[in-house]
Amino acid sequence: KYIRFEDGNIILGETGNELVLNIQNDRISFLDGGAEVAYFSNQQLVVTDAHFLNSLRIGAFAWLPRENGNLSLVKVGD
């Protein structure tokens, strides 16, 4: 396990593990095997691939699983 400071960046990881967190002044990056797979920057989260275990909410709407295994888009707020 390590925390490194390189060129003004904070790098968190574990020796032998391909997953690394890189914190820069204007970006937080998640790297897997050296490839950036997700990042936060400019008020956005950008993800290469995502796996949601239960639901996904976007603004006032959400994709919610039904008891019968189907998926519904429903309004959940204003």
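**Note on the sheet, its edges and a few residues**

1. Val47 has a relative accessibility of 37%, so Val47 counts as partly exposed. The band for that class lies between 20% and 50%. This is a predicted model. Val47 is part of strand E6. Across from Val47 in E6 stands Ala38.

2. Val47 also belongs to a nonpolar surface patch, together with Ile28, Phe30, Val37, Phe40 and Leu45. The accessible area of these residues together is about 450 Å². Membership requires over 30% relative accessible area. Val47, at 37%, passes that cut-off.

3. Where do these strands sit in the sheet? The sheet is open and has six strands, in the order E1-E2-E3-E4-E5-E6. Its pairing is antiparallel. The edges are strand E1 (2–6) and E6; each has a single partner strand, so one side of each lacks a neighbour in the sheet. On average, neighbouring strands are turned by 20° against each other, direction ignored. In general, strands of a sheet pair through backbone hydrogen bonds.

4. E5 and E6 are antiparallel and share four bridges. Strand E2 (residues 9–13) and strand E3 (residues 19–23) are also antiparallel, with three bridges. In the latter pair, Ile11 has Asn22 of E3 as its bridge partner.

5. Which residue takes a positive phi in the hairpin of E5 and E6? Asn42 does, with a value near 50°. The hairpin has two residues between its strands. Asn42 lies in the loop between E5 and E6. Its relative accessible area is 68%, so Asn42 is exposed. Asn42 is not a glycine. Most residues other than glycine have a negative phi.

6. Asp7 is a second case to check. Its phi is positive, near 50°, and the residue is something other than glycine. Asp7 is placed in the loop between E1 and E2. Its relative accessibility is 80%, which makes it exposed because the cut-off for that class is over 50%.

7. Is Ser41 buried or exposed? Ser41 is buried: its relative accessibility is 13%, and the limit is under 20%. Ser41 lies in strand E5. Beyond its neighbours within four places in sequence, Ser41 makes contact with Asp26 and Arg27. By contrast, Asn42 is exposed at 68%.

8. Pro65 lies in another strand, E8 (residues 61–65). Pro65 is at 43% relative accessibility, so Pro65 counts as partly exposed. Which residues does Pro65 touch, apart from neighbours within four places in sequence? Its contacts there are Asn54, Ser55, Asn70 and Leu71. The C-alpha atoms of Pro65 and Leu53 are 9.9 Å apart, and twelve residues separate the two in sequence.

9. Points to view together. The loop between E5 and E6 carries Asn42, with its positive phi of about 50°. The loop between E1 and E2 carries Asp7, whose phi is positive and near 50°.

Conventions:
Residues are numbered from 1 along each chain as its sequence is written. This is a predicted model: local features need pLDDT of at least 70, side-chain atom pairs count only at pLDDT 80 or more; totals for chains, interfaces and linings use all residues. Side-chain values use heavy atoms; hydrogens and water are left out. Patches are made of residues with over 30% relative accessible area and no salt bridge: like charges are joined within 9 Å, nonpolar side chains (Val, Leu, Ile, Met, Phe, Trp, Tyr) within 5 Å. Accessible areas come from the Shrake-Rupley method with a 1.4 Å probe; for residues, only the protein chains shown count as cover. A salt bridge is a side-chain nitrogen of Lys or Arg within 4 Å of a carboxyl oxygen of Asp or Glu. Buried means under 20% relative accessible area, exposed over 50%, partly exposed in between (1.4 Å probe, protein chains only). Two strands pair if DSSP finds at least two bridges between them. Axes are lines fitted to C-alpha atoms, for helices over the stretch in contact, and angles run from 0 to 180 degrees between N-to-C directions. Contact means heavy atoms within 4.5 Å.
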